[in-house]
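Hello,

Here is the structure I said I would hand over. My notes on it follow below the files.

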Amino acid sequence: MSKTVLTVDDSRTMRDMLMLTLKNAGYRVVQAVDGAHGLEVLAGETADIIITDINMPRLDGFGFIEGVRQDPRHRATPILVLTTESDGEKKTRARNAGATGWIVKPFNPDKLVDAVRRVAA
Amino acid sequence: MDPLEAIKATFFQECDELLADLESGLLELENGSGDIETVNAVFRAVHSVKGGAGAFGLEPLVRFAHVFETTLDAMRSGALATEPAAVKVMLRAADVLADHVSAARGQGVVDEAASARLAAELKALCSGEAPPGADEEIVIVDEALDDDGFGDFDFTPVLVEIEEPAPAGWRVTFKPSRAMYAKANETALLLRELERLGPCKTTLHTDDLPDFDAVDPEEAYFTWSIEVQTDQGEAAVREVFEFVEDDCVITVDPPVADAMSLPDLPTLETLEDEAQPRAAAAETLDVGMDVQALLQRAQAAVAEVNAVAAPVASAKPAATPAPAPAAAALHADAGDAKSAAAGTTIRVDLERVDRLIDLVGELVINQAMLAQRVAESGLARSSTVSVGLEDLEHLTREIQDSVMAIRAQPVKSVFQRMPRLVREVAAMVEKQVRLTTEGENTEVDKTVIERLSDPITHMIRNAIDHGVEKPATRIAAGKPAEGTVKLCALHRSGRIVIEVSDDGAGINRERVKQIAMDKGLIAADATLTDEETDNLIFLPGFSTATVVSDISGRGVGMDVVRRQVQALGGRISITSVPGKGSTFTLSLPLTLAVLDGMVVGVSGHTLVTPLTAIIETLQPKPQEVRLLGPSGAVLAVRDSYVPLVDVAAVLGYRQEPTDWTKGVVLLVESEVGGRAALLVDAIQGQRQVVIKSLEANYQRVEGIAAATILGDGRVALILDVDALISVRRKDARRPAASPQRLPLAS
């Protein structure tokens, strides 16, 4: 069975890009438009991998990751953070919140799938 | 379409929305109504533009967006105050960003100098320095691409890090920490990843594993050492551990000559060694051992640890009491917020809505037909069929209204483009202008909105160029140096009214008249009311600017605006007070799909007159009709005379002069030409009709706005009241012109 990836991003373009790339790589994709929505989706869906943006309205990526990690079902779910900001501070914050890894935007499809594969069993 | 192209199209669509958000956010900050969340939203908008642009390799856009974003980030973090001067720079930057987006889309070009200048100004804001002078040479280097990790998209780190001479492999020791697992990293996956670089020989060290009783399932006890045979550099190896480097102890060393004599790791055991120490020890020392098998064993070990960890974690809620309620609270919040935002809207393909509207149009026609059949069958009005039919009519109308409401959108999307226009035009003509808007949430049909932009743009340009005076003139006239242009939208009697007013000098009527005379648009001795004079500016060929300026010029005058508006079934008019300013009023039907009309009979033809144009209907008495010239007549309506228009004659249904007192008169009012009395044979009733375009299905016919299908299935033409009146005026001027015969005869 194909793995399910939850993508959380407020940009429609990014969501579409992720969707296209991941689908082509054989993943099932569920989408959420911001952190709060992401947690909501997770309440009714099981995701094997989560990819999330940082800058989002309502609940940002850091808050979202913390929320996910607090759910016993998702303690061990890999979370990749999408970031254009490669500065260490953002990554450290994301990791402190519980992120597994990161993808530097803009990503090319191979890099994205690479990163997903790297964290997903 | 190529899926990537489709996403690109989505991106540009999204850009439009983001740019609109950006502008409205900045405007909020400018007038002081914004807060930190506004700054965040503005930042996100630019950030998203940059993110998407990067994905498509739109480098100039990325570069500018990056500079902009950096400055906004400073504002977000509080390093830069949201003071008007800074926001003004950002507003202009937003304009340039919009230009970059357009250019990336293949529409228009970016003024590179202006872009570079603004980028420099943004940077200056950040650093707190004075912006460089305009004449200074400013070169934007590819800094954004160099300093922020964007390098990732034009080179792959794995490829650049080829070291010479490449060693035959690496010796890696890896000791994860508890924190690494807490972030859902897996040693097995890292080892698998490492194996992609080349064959690996992996050894697990369990020295630190305590007695079983003392095992904390969440703790990390193992150390791995891996011999990887690869020609890749150290960086490639380290990249495998990129995500975890802060949560583990890792060493990457060149391999030692004897791969198996690892002096720093003398005791090697696998997890299974606990049970079978001897056999396992032998295995570990087997040089030729299959790496895959070892890897599997490592995975098994990890899985075992996880298997132990999972139940423990779920079985000890008491140990971590906080997370669960917190998570629940988060969910609850999310639920509330969703019902407020995400849950209330859906995105629907416009084609589907249009199809629905078409169908409802057919339904309305069908319902009308049914009503007619029932009436013809002679059933009593009180019969159950008739009563049922009335209910159907109500329902049909409600469905129609509801469907129309789906297409209705606030005019905001058009209004939002105007502040930029005002800034640009004002700067070009060296005037100070402030734009105020009102009623931007007024809703109107989407197709109307799309076509509102051009006329409004023209009217605003005109107001700034011709209306508002230069600051010096204004001060001399006792007005504030800054002129005001007001853009306002409101609903009035089933139509949307857009007003563009300025507090400028008003129309110079003497000059307008003079120009009209010089151009032969009016007779030299014409006596015109103020209103008529003002409306001269809508005549084709009229342009008050002696030198065609960059702004209002562009080869289009107000006559084009009027034509655009009329094509939408709208009217445009102007009122002006010398010294106080002018107001352009544009009124449009809320929808282009249905119309309330008065159905009338003219010479055996059925015509529809828009109800909104009709003031009253009356039966002319002989003494009220005054003949004027060979074919003209006026009707005395209370205290004034209005021109009497024989509709049948104007449309060419009938050649011979008519008896003016036979028939009914519709007193109509147009916003351009004042009042007129339309003579028709009889009134058949009032009905809602579905508009079918005549241009699209046949061709444009003078005096006719559109067509519709009546209940009996016949086509009826919808009168264009304004055009009828002006046709009459032309005929009055050129009595020899023979009326055009209408091609559609029943």
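In this predicted model, 33% of the 746 residues of chain B count as buried. Chain B contains 26 helices and 22 strands. Of the contacts in chain B with a separation of 6 or more, 69% are between residues 24 or more positions apart.

On confidence, I have figures for chain A. Its mean pLDDT is 81, with 94% of the residues of chain A at 70 or more.

Helix α1 (residues 12–24) of chain A packs against helix α1 (residues 3–30) of chain B, with the axes 8 Å apart and an angle of about 165° between them. Angles over 145 degrees count as roughly antiparallel, so α1(A) is roughly antiparallel to α1(B). The crossing of α1(A) with α1(B) is right-handed.

Which residues make the contact? From α1(A) they are A:R12, A:T13, A:D16, A:M17 and A:L20; from α1(B) they are B:P3, B:I7, B:T10, B:F11 and B:E14. Sorted by class, the contact of α1(A) with α1(B) comprises five nonpolar, three charged and two polar residues.

Regards

How values were computed: Residues are numbered from 1 along each chain as its sequence is written. Chains are lettered from A and ligands numbered from 1 in the order in which they are written. This is a predicted model: local features need pLDDT of at least 70, side-chain atom pairs count only at pLDDT 80 or more; totals for chains, interfaces and linings use all residues. pLDDT is the predictor's confidence in each residue, from 0 to 100. Axes are lines fitted to C-alpha atoms, for helices over the stretch in contact, and angles run from 0 to 180 degrees between N-to-C directions. Helices (H or I, at least four residues) and strands (E, at least two) are DSSP runs, numbered from the N terminus. Angles under 35 degrees count as roughly parallel, over 145 as roughly antiparallel, 65 to 115 as roughly perpendicular and the rest as oblique. A crossing is left-handed if the near helix is turned anticlockwise from the far one by less than a right angle, and right-handed if clockwise. Two residues are in contact if their C-beta atoms, placed from the backbone, lie within 7 Å. Ala, Val, Leu, Ile, Met, Phe, Trp, Tyr, Cys and Pro count as nonpolar, Asp, Glu, Lys and Arg as charged, and the others, Gly among them, as polar. A residue is buried if 20 or more other C-beta atoms lie within 10 Å of its own, exposed if 12 or fewer, and partly exposed in between; C-beta atoms are placed from the backbone.
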